[in-house]
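I open this notebook to record what I looked up in one structure. The entries follow in the order in which I made them.

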Amino acid sequence: SGNLNVVPFEALITAPVSQLMRPATWEYWGINKTISYASSATIFQFVQHRTPFHSDLQNALIMAPYFSGGVKSVATDDFVSRIRSDFFTPLPHTGEEALAIAQSLDGKAFSGTECSVDDFLKKAEHNKVLHLATHASSGSPGLPAFISFQPVADKWHSSMLFDSDIY
């Protein structure tokens with residue numbers, strides 16, 4: 001735990017560097033390794049023992065719940081309005097991003113009001129790849145990690161998918 005979660009282990013150098021100005025020539029630990037990251041041992045264990053993908057899964061689910069500035073109108077109190085407007089600024093290019101990725105992966109793209117937490121939870125398990133173009137936080141003391149989705153009127157709190165909701 002602690003700061004080890006930010007160390008890019010695949011970038012550790014395994015041999016003396018002879019050409020300091022040419023990092024492409026350096027020998028990195030991760031070059032010939034398969035690396036998996038997980039935010040906890042529980043998730044790592046789950047991933048290691050999960051059942052393989054079934055052929056009936058769709059290729060990809062891409063969601064871009066970008067915020068177009070109407071966030072304050074759906075929040076229910078001043079604190080929430082301030083938090084959402086301060087941290088969740090509009091992401092104007094995520095709609096284009098979602099369409100491009102969907103085309104590339106032969107998947108389905110959703111944006112705006114089609115991207116609530118409930119929409120994500122209903123569709124996610126039926127896809128091989130999930131791409132979320134949105135705001136998120138890895139957490140901090142007093143604030144758990146979360147992914148932010150499109151807010152639903154009178155349900156501001158349901159627009160965040162917390163790590164504890166996933167596993």
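**Entry 1: Order of elements**

I read the pattern along the sequence as α-β-α-α-α-β-α-β-β-β-β-α. I count 6 helices and 6 strands in the chain; helices (H or I, at least four residues) and strands (E, at least two) are DSSP runs, numbered from the N terminus.

I note that this is a predicted model, in which local features need pLDDT of at least 70 and side-chain atom pairs count only at pLDDT 80 or more, while totals for chains, interfaces and linings use all residues. Residues are numbered from 1 along each chain as its sequence is written, and side-chain values use heavy atoms, with hydrogens and water left out.

**Entry 2: The sheet**

I looked up how the strands pair, where pairing requires that DSSP finds at least two bridges between two strands. An open sheet is formed by 3 strands in the order 4-5-6, with antiparallel pairing. Strand 4 (136-137) and strand 6 (160-162) are the edge strands, and each pairs on one side only. I find 3 bridges between strand 5 (residues 146-148) and strand 6. Phe146 has Phe162 in strand 6 as its bridge partner.

**Entry 3: Burial and surface**

I looked up how much of the chain is buried (under 20% relative accessible area; exposed is over 50%, partly exposed in between, with a 1.4 Å probe and protein chains only). Of the 167 residues, 25% count as buried. The chain exposes about 11,700 Å², and carbon and sulfur atoms supply 57% of this area, computed by the Shrake-Rupley method with a 1.4 Å probe.

**Entry 4: The cores**

I searched for nonpolar cores, that is, sets of buried Ala, Val, Leu, Ile, Met, Phe, Trp, Tyr and Cys residues joined through side-chain atoms within 4.5 Å. The largest has 9 residues: Leu61, Met63, Phe110, Cys115, Val117, Phe120, Ala124, Phe149 and Leu161. Strand 1 (58-64) and helix 5 (117-124) are the elements that give two or more residues to this core. Helix 5 supplies the largest share, 3 residues. Another core, of 6 residues, lies apart from it and includes Ala64, Ala98, Ala102 and Ala133.

Leaving aside residues up to four places away in sequence, Cys115 touches Met63, Ala64, Pro65, Phe110, Phe149 and Gln150.

**Entry 5: A loop residue**

I found Asp106 in the loop between helix 4 (94-105) and strand 2 (108-111). Its phi is near 55°, a positive value in a residue other than glycine. Asp106 counts as exposed because its relative accessibility is 58%.

Key. Contact means heavy atoms within 4.5 Å.
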